Amino acid sequence: MHNRVLQNIFSAYSGYLSKTAQPLKNLKAISSIQECRTKSMGSSYYRCKHNHVTEQHHSCRHRSCPLCSGRKQLQWVDQQRRKLFDTEHFHVVFTIPHEYLPLWQYK
């Protein structure tokens, strides 16, 4: 998936999104993703020894941004896969009363 797909979707539907009620955290995430690596975030300019200048736009660094955290997400998924058993299995999550928590130290 191209990294800017989500950014393009938010930009294309910005009129619709502005009319819907969203929690503040969603609005901040949408705004950050829309503006990530654009001129509105600011830019840095780099010059090489041959006098070529390149412009690099700043990142938003939002944890939900695929441009900023995509690599970290892939690294996390790889770490989780390495922890899995090399066999067919399934994962079960359950809760127990707090009174029984000391028993789990004796796995």
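The crossing of H1 and H3 is left-handed. The model is a predicted one. In this model, the two helices H1 and H3 pack with their axes 8 Å apart, at an angle of about 110 degrees. H1 is therefore roughly perpendicular to H3, since angles of 65 to 115 degrees fall in that class. On the H1 side, the residues that take part are Leu 6, Gln 7, Phe 10 and Ser 11, and they meet Ile 30, Ile 33, Gln 34 and Glu 35 of H3.

### Helix H3

Helix H3 comprises twelve residues, 24-35. At 1.5 Å a residue it should span 16 Å, and because its end C-alpha atoms are 17 Å apart, the model agrees with that expectation. Four residues of H3 are buried, namely Ala 29, Ile 30, Ser 32 and Ile 33. They cover an arc of only 165 degrees around the axis, so they lie on the same side of H3. Leu 24 and Lys 28, on the other side of H3, are exposed. Which helices do the buried residues of H3 pack against? The partners are helix H1, residues 5-12, and helix H2, residues 14-19. After H3 comes Arg 37, which has a positive phi, near 55 degrees.

The table gives the relative accessible area of each.

| Residue | Relative accessible area | Class |
|---|---|---|
| Gln 7 | 5% | buried |
| Ala 29 | 12% | buried |
| Ile 30 | 13% | buried |

Gln 7 belongs to helix H1. With 5% relative accessibility, Gln 7 counts as buried, because the cut-off for that class is under 20%. Which residues does Gln 7 contact, leaving aside its neighbours within four places in sequence? They are Ile 33, Gln 34, Glu 35, Cys 36, Thr 38 and Leu 67. Among these, Ile 33, Gln 34 and Glu 35 are also listed where H1 meets H3, while Leu 67 is one of the buried residues of H4.

Ile 30 lies in helix H3. When its neighbours within four places in sequence are left aside, Ile 30 is in contact with Phe 10 and Leu 17. Phe 10 is in H1. As for Leu 17, its C-alpha atom is separated by 9.2 Å from that of Ile 30, and the two residues are 13 residues apart along the chain.

Ala 29 is likewise part of helix H3. Ala 29 and Gln 7 are 22 residues apart along the chain, and a distance of 11 Å separates their C-alpha atoms.

### Helix H4

Helix H4 has 18 residues. From its first C-alpha to its last H4 reaches 24 Å, which is close to the 26 Å expected at 1.5 Å a residue. Leu 67, Ser 69 and Gly 70 are the buried residues of H4. H1 is included in what covers them.

### Loop residues with positive phi

Where in the model does Asn 51 lie? Asn 51 is in the loop between strand E1, residues 43-47, and strand E2, residues 53-57. Its phi is near 70 degrees, a positive value in a residue other than glycine. Is Asn 51 buried or exposed? Asn 51 has a relative accessible area of 52% and is therefore exposed, because that class begins over 50%.

Arg 61 occupies the loop between E2 and helix H4, residues 66-83. Phi of Arg 61 is also positive in a residue other than glycine, here near 65 degrees. Arg 61 counts as exposed, at 75% relative accessibility.

Conventions:
Residues are numbered from 1 along each chain as its sequence is written. This is a predicted model: local features need pLDDT of at least 70, side-chain atom pairs count only at pLDDT 80 or more; totals for chains, interfaces and linings use all residues. Side-chain values use heavy atoms; hydrogens and water are left out. The expected span of a helix is 1.5 Å times one less than its number of residues. Buried means under 20% relative accessible area, exposed over 50%, partly exposed in between (1.4 Å probe, protein chains only). The arc is that of the directions from the helix axis to the C-beta atoms. Contact means heavy atoms within 4.5 Å. Axes are lines fitted to C-alpha atoms, for helices over the stretch in contact, and angles run from 0 to 180 degrees between N-to-C directions. Angles under 35 degrees count as roughly parallel, over 145 as roughly antiparallel, 65 to 115 as roughly perpendicular and the rest as oblique. A crossing is left-handed if the near helix is turned anticlockwise from the far one by less than a right angle, and right-handed if clockwise.
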